[in-house]
Amino acid sequence: MVACHPREDAIAVGYADGLILIVRHPDGAEILARKPAAAPITALAWSDDGKRLAFGTEDGDAGIIVIA
């Protein structure tokens, strides 16, 4: 699962192992936003201001990651 940041040149990437990375396109820098968990990431969405990232998993887990 992938979601483009609404204001920056970056994307959030959700993996089959539950991991979420935020990757900056120009230099490839990575931020670990969520450690691997039991189920795949099936949904990702940024808030309009790009300060929050919502996620959902195949097993029904969900959350919001606040980006400072």
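Tutor: Leaving aside residues up to four places away in sequence, His5 touches Ala10, Ile11, Trp46 and Gly50, where contact means heavy atoms within 4.5 Å. This is a predicted model, in which local features need pLDDT of at least 70 and side-chain atom pairs count only at pLDDT 80 or more, while totals for chains, interfaces and linings use all residues. Residues are numbered from 1 along each chain as its sequence is written, and side-chain values use heavy atoms, with hydrogens and water left out.

With Gly50 there is also a polar atom pair: a polar atom of the His5 side chain lies 3.1 Å from the backbone oxygen of Gly50. His5 itself sits in the loop that runs between strand E1 (2–4) and strand E2 (10–14); strands are DSSP runs of at least two E residues, and helices are runs of H or I with at least four residues, numbered from the N terminus. The relative accessibility of His5 is 15%, so His5 counts as buried (under 20% relative accessible area, 1.4 Å probe, protein chains only).

Now the chain. Of its 68 residues, 35% count as buried. Its secondary structure comes to 0 helices and 7 strands. The radius of gyration is 11 Å, close to the 11 Å from the globule rule for 68 residues, so the chain is as compact as a globular protein of that length; the radius is taken over C-alpha atoms, and the rule is 2.2 Å times the number of residues to the power 0.38. Along its principal axes, the C-alpha trace spans about 30 × 25 × 20 Å.

Technical notes: Buried < 20%, exposed > 50% of the residue type's maximum accessible area, 1.4 Å probe, protein only. Polar contact = N/O pair within 3.5 Å; in protein donor to acceptor, adjacent residues only side chain to side chain.
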